[in-house]
Amino acid sequence: MDTNGRPYVREDGLSLMDNIADETGRDDFFEVREGSGNYTPDDHAFLGEGGGAGKIVWTIPESSYDLIAYYLYFAGADKGIMRGLAGVYFSNGIPLMFEYMLPDIPEGAEYVEVVPLYAEFGDYYYAPSFFVELKSQGEPPLEPGDLVAGTNWGKLKAVDGGYEYRFAAKGTTAGHLINEFWNAAGLSFDKVEIQTRDGQVLPVDQPVPAGARVYLTRGNQYQLIDVRLLSDYVREKRQLSGSAPITPADIAAYVLGDEREDVNGDGVFDRKDVRLLLGEID
Ligand SMILES: [Ca+2]
């Protein structure tokens, strides 16, 4: 760790090489120049964990493919460097998210200054830095959780990597689906909403579209459950294309076929399922 501040000093000619060599034992570091690349993420944040600890996180911008390292410094209220924290290198590729634990934030530190280092045509540059304020904002982030594990509700089917809701019949609105979840025995959650494929909350009076997901939260956990449309299921069974109309003949063939199965979640195939299936005819 560099405890003297920035390892590079722009004015007095000290290069990053000198101090980094001291810091990490690297003796092959190159001269680093000031560059103009923009490596500032949109979403940097501090997630406090109490007791003067927490972590800094952000999504690494997609354009940061030539990023080599971040240099991190504690800074005071005036954003002046207090001391060096770490040089973090991406020798195994650049991750989607950057996350760095701060187990012991020094008194008076109000920011972490982040200096991105990048390479261009074999030369090394530091990009304009950005500051992450060491103040927790809002709720802790939600963690994925398996909120419906072990349920025996017939409409939730375990699939690879989670659960699927089967099936949303034609005309099912977001409101219908939300009510079903609230009324399902054995589920425990604080909030349920229906999201479209791109993560927008679906208004309760809107029909549930293909690709929709149920978003459940409990405490700081959440779970996303894919919604399977009955029409998509019928089309798959009848080997119809995604936009082909479902005809009475398709439903008859399904109902009379060997592969028919419960579609309303009560575990048996009977006239209730037939009625539901008939509703899918276009
Ligand atoms: Ca049934």
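The structure is a predicted model, so local features are kept only at pLDDT of at least 70 and side-chain atom pairs only at pLDDT 80 or more, while totals for chains, interfaces and linings use all residues. Residue numbers start from 1 along each chain as its sequence is written. Helices (H or I, at least four residues) and strands (E, at least two) are DSSP runs, numbered from the N terminus.

Strands β4 (residues 67–75) and β5 (residues 81–89) pair in the antiparallel sense, with seven bridges between them; pairing here takes at least two DSSP bridges. Ala69 has Tyr89 of β5 as its bridge partner. Five residues separate the two strands, and Lys79 in this hairpin adopts a positive phi near 65 degrees.

Next comes helix α2 (residues 174–183), whose buried residues are Ala174, Leu177 and Phe181. Buried means 20 or more other C-beta atoms within 10 Å of the residue's own, exposed means 12 or fewer, and C-beta atoms are placed from the backbone. These three sit on the same side of α2 because they cover an arc of only 65 degrees around the axis, taken from the directions from the helix axis to the C-beta atoms. Trp182 and Asn183, on the other side of α2, are exposed. The buried residues of α2 pack against β12 (162–168), β13 (191–195) and β14 (213–218), with contact set at C-beta atoms within 7 Å.

Finally, helices α4 (residues 248–256) and α5 (residues 271–278) pack at about 155 degrees, their axes 10 Å apart. Axes are lines fitted to C-alpha atoms over the stretch in contact, and angles run from 0 to 180 degrees between N-to-C directions. The pair is therefore roughly antiparallel, a label for angles over 145 degrees. Ile251, Tyr254 and Val255 of α4 make the contact with Val274, Leu277 and Leu278 of α5.

Methods:
Contact = placed C-beta atoms within 7 Å. Parallel < 35°, antiparallel > 145°, perpendicular 65-115°, else oblique.
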